[in-house]
Amino acid sequence: MSLIGDRAVVLGGSMAGILAARVLAESYREVVVIDRDKVLGVHEPRRGAPHTVHAHGLHARGHLLMEELFPGFTDELRAKGVPTGDLGEMRWFFNGRKLQPAHTGLISVTAPRPVLEGHIRTRVAAIENVRFLEETDINGLVATADQSRIVGVRIQGRDEGSAEEVLDADLVVDTTGRGSRTPAWLEEFGYARPFEERIKVGLAYTTRHYRMRPEMFNGVQSINPVASPAHPRGAFFGHVGPELAILSLTGILGDYPPTDPEGFLEFVRSLPVPDVYEAVRDAEALDEPVSFRFPASVRRRYERLTRFPDRLLVMGDAACSFNPVYGQGMSVSAIEAMALRDRLRLGTPPAPLDFLADIARVIDVPWEISAGGDLDFPGVEGRRTLKVRMGNAYIARLQYAATKDPKITDGYMRVAGLIDPPTDLMRPAMLVRVLRHAVRRPAPGESWLAAPPSNN
């Protein structure tokens, strides 16, 4: 394939950035990835990515695309002791009720995020024309005199005494995440900022790691009591390494899981089902609980702009930062990378507004799923359209029906894993299955703490 430029520069070395670098390397003579942290050889949470300490899963569509971009990816992780399993065979609880397990054929990889990211970064760094500039600050963009095109990046090493320099670029891709400065840079160059949609969830994760014991999971890969309006406290408890289990508790609208060990365990006990509490109440903790707050999901509507500087693209959380409880972020970054590859294969540098329209279409479905789900919680601020209200009413019926019928679990997981569109859940055959069990919206299951005491 012929090259379309000399140098592409990627701002940010997290998942979206390294996936962008992987596809850019096919079309540019050199690809440079810039990050403020040391990233190569790092397999632990780092300062610039504090969210990576918490539970992550690479589900379905993301897994398939990773395997396409990095052949042998799954087997390499398995050889390192990373668990993989069927997405539908995990122990899922919605509205306090357990879904019927289903063999979906969709793989979920439950590596700790730094391990997964470090593995992929190593694969990307091994590409001959990819170079990483670590521990380097990004001070700004450089544009032509008329501000119509980006031609470089102002950077500065973090070592004492380092001077600012300009790195010329034929293309710049911003993957710096939620804190992206592209909106401010656009304003600086005389362009409009993108409109931002926000869904204020007031979410917090608190995470602790435990020494793995087989009886914790009883043969499943993870136990996931998912938060719902009736049971707003949730958890993701997963097997993530040969002797390692992770427990991330979630609370929304300011109900933050505590970071003291006693309060953490009491929060676990307050979950609607006892499975996680029974697994960890006498388990060996390997660290102290650590918390991370996520105030709002944010979607920057770049595709609505009518003017945008040439040779600048935006991807990943810099374009849309999803509520992490839905596990969509890494998969969406992978789909966006494939959209970038499609544009590059046309043989010319991607036109920014065309590419931003491409990824807007990528974002639409996962945003509909996560934002719609969040708006089912009465305290979450946001516009509840008729479509959102009807969708949530139907999903509540579907989740209940999935506690009776594994075929419904299968269909639901295919949509949650971004394999099939949400409209598939409304196909006549699925609709019949759902309404067979739930003509009306069912009441949520009771918490195990509300159950009458046993006579035994």
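**A serine, its strands and some rings**

The side chain of Ser 321 makes a polar contact with the side chain of Arg 178, at 2.9 Å. Before I go on, please keep in mind that this is a predicted model.

Is Ser 321 buried or exposed? Ser 321 has a relative accessible area of 2%, and the cut-off for buried is under 20%, so Ser 321 counts as buried.

What does Ser 321 touch, leaving out residues up to four places away in sequence? The list is Arg 178, Phe 294, Ser 297, Val 298 and Trp 367. Two of those names come together again: the charged end of Arg 178 sits over the ring of Phe 294, 4.5 Å from the ring centre.

Now the strands. Ser 321 belongs to strand β19, residues 320-321. β19 pairs with β17 in the antiparallel sense, over two bridges. In that pairing, Arg 299 stands opposite Cys 320 of β19. On to another partner of β17, which covers residues 290-301. Strand β13, residues 195-211, runs antiparallel to β17 and is joined to it by eleven bridges. There, Phe 195 stands opposite Arg 301 of β17.

Next, the aromatic pairs. How many are there? The count is six aromatic pairs. One of them is Phe 94 with Tyr 412, which is edge-to-face, with 5.5 Å centre to centre and 75 degrees between the planes. Phe 94 lies in strand β5, residues 91-94, and Tyr 412 in helix α11, residues 406-416, so this pair ties together parts that are 318 residues apart in sequence. Phe 94 is buried, at 11% relative accessible area. Tyr 412 is buried too, at 12%.

A second pair is Tyr 277 with Trp 448: the centres are 6.1 Å apart and the planes are at 35 degrees, so the pair is tilted. This pair also links distant parts of the chain, with Tyr 277 in helix α7, residues 275-280, and Trp 448 in the segment after α12, 171 residues apart. Tyr 277 is buried, at 16% relative accessible area, whereas Trp 448 counts as partly exposed, at 28%.

Which aromatic cluster includes Phe 94 and Tyr 412? Together with Trp 92, they form one aromatic cluster.

Conventions. Residues numbered from 1 in each chain as written. Predicted model: local features only at pLDDT ≥ 70, side-chain atom pairs only at ≥ 80, totals over all residues. Heavy atoms only, no water. Helix = DSSP H or I, 4+ residues; strand = E, 2+ residues; numbered from the N terminus. Buried < 20%, exposed > 50% of the residue type's maximum accessible area, 1.4 Å probe, protein only. Polar contact = N/O pair within 3.5 Å; in protein donor to acceptor, adjacent residues only side chain to side chain. Contact = heavy atoms within 4.5 Å. Pairing = 2+ DSSP bridges. Phe/Tyr/Trp six-rings, centres within 6.5 Å; stacked < 30°, edge-to-face > 60°. Lys NZ or Arg CZ within 6 Å of the ring centre and 35° of its normal.
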